[in-house]
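Subject: Structure handover

Hello,

Please find the structure below, for you to take over. My notes on what was found in it follow.

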Amino acid sequence: MNTLMNQTEKMRKYRFEAITSIVTYVLVNSFLVFVNWMTSSTYWWVFWVIGGWGLGLIISLVSGYLEIKCNINK
């Protein structure tokens, strides 16, 4: 019973951190798109930031999810 509660708490913490990371990603990149649009609309450097950060975010979310799921199945 204690391990089930522990796993539930880990999943709840993971969800909170995942949502926080996604919201931060969207808000910061929205601001950067606006800055890029206002300063130099000929070269969209912001796509490098969106792509790099997005790739890191996806890897982080998938690895965290798999870590929790693998521990639940044990």
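Val26 lies in helix H1; helices (H or I, at least four residues) and strands (E, at least two) are DSSP runs, numbered from the N terminus. Val26 is partly exposed, with a relative accessible area of 44%. Here buried means under 20% relative accessible area, exposed over 50%, and partly exposed in between (1.4 Å probe, protein chains only). From the C-alpha atom of Val26 to that of Leu66, 40 residues apart along the chain, the separation is 23 Å.

Before you go further: this is a predicted model, in which local features need pLDDT of at least 70 and side-chain atom pairs count only at pLDDT 80 or more, while totals for chains, interfaces and linings use all residues. Residues are numbered from 1 along each chain as its sequence is written, and side-chain values use heavy atoms, with hydrogens and water left out.

Overall shape

The protein chain has two helices and zero strands. Its radius of gyration (taken over C-alpha atoms) is 17 Å, well over the 11 Å that the globule rule (2.2 Å times the number of residues to the power 0.38) gives for 74 residues, so the chain is more spread out than a compact globule. Along the principal axes, the C-alpha atoms fill a box of roughly 60 × 15 × 5 Å. Of the 74 residues, 19% are buried. Among contacts (heavy atoms within 4.5 Å) with a separation of 6 or more, 61% are between residues 24 or more positions apart.

Core and buried residues

The largest nonpolar core has seven residues: Met11, Tyr14, Ala18, Tyr25, Leu57, Leu61 and Ile68. A nonpolar core is a set of buried Ala, Val, Leu, Ile, Met, Phe, Trp, Tyr and Cys residues joined through side-chain atoms within 4.5 Å. H1 and H2 each supply at least two residues of this core, and the largest share, four residues, comes from H1. Leaving aside residues up to four places away in sequence, Leu61 touches Tyr14, Ala18 and Ile22.

Asn29 also lies in helix H1 and is buried, at a relative accessible area of 5%. With residues up to four places away in sequence again not counted, Asn29 touches Val49, Ile50 and Trp53.

Pocket

The largest pocket holds about 160 Å³ of space. On a 1 Å grid over the protein atoms alone, a pocket is an open set of points where a 1.4 Å probe fits, with protein on both sides within 12 Å along at least five of seven lines; lining residues have an atom within 4 Å of a point. Grid points are joined across faces, edges and corners, and a volume is the space filled by probe spheres set on the points.

Lining this pocket are Lys10, Lys13, Tyr14, Glu17, Ala18, Ser21, Leu57, Ser60, Leu61, Gly64 and Ile68. Helix H1 (2-39) and helix H2 (46-73) are the elements that give two or more residues to the lining, and H1 has the largest share, with six.

Ser60, in helix H2, counts as partly exposed at 43% relative accessibility. Ser60 and Glu17 are 43 residues apart in sequence and 11 Å apart in space, C-alpha to C-alpha.

Regards
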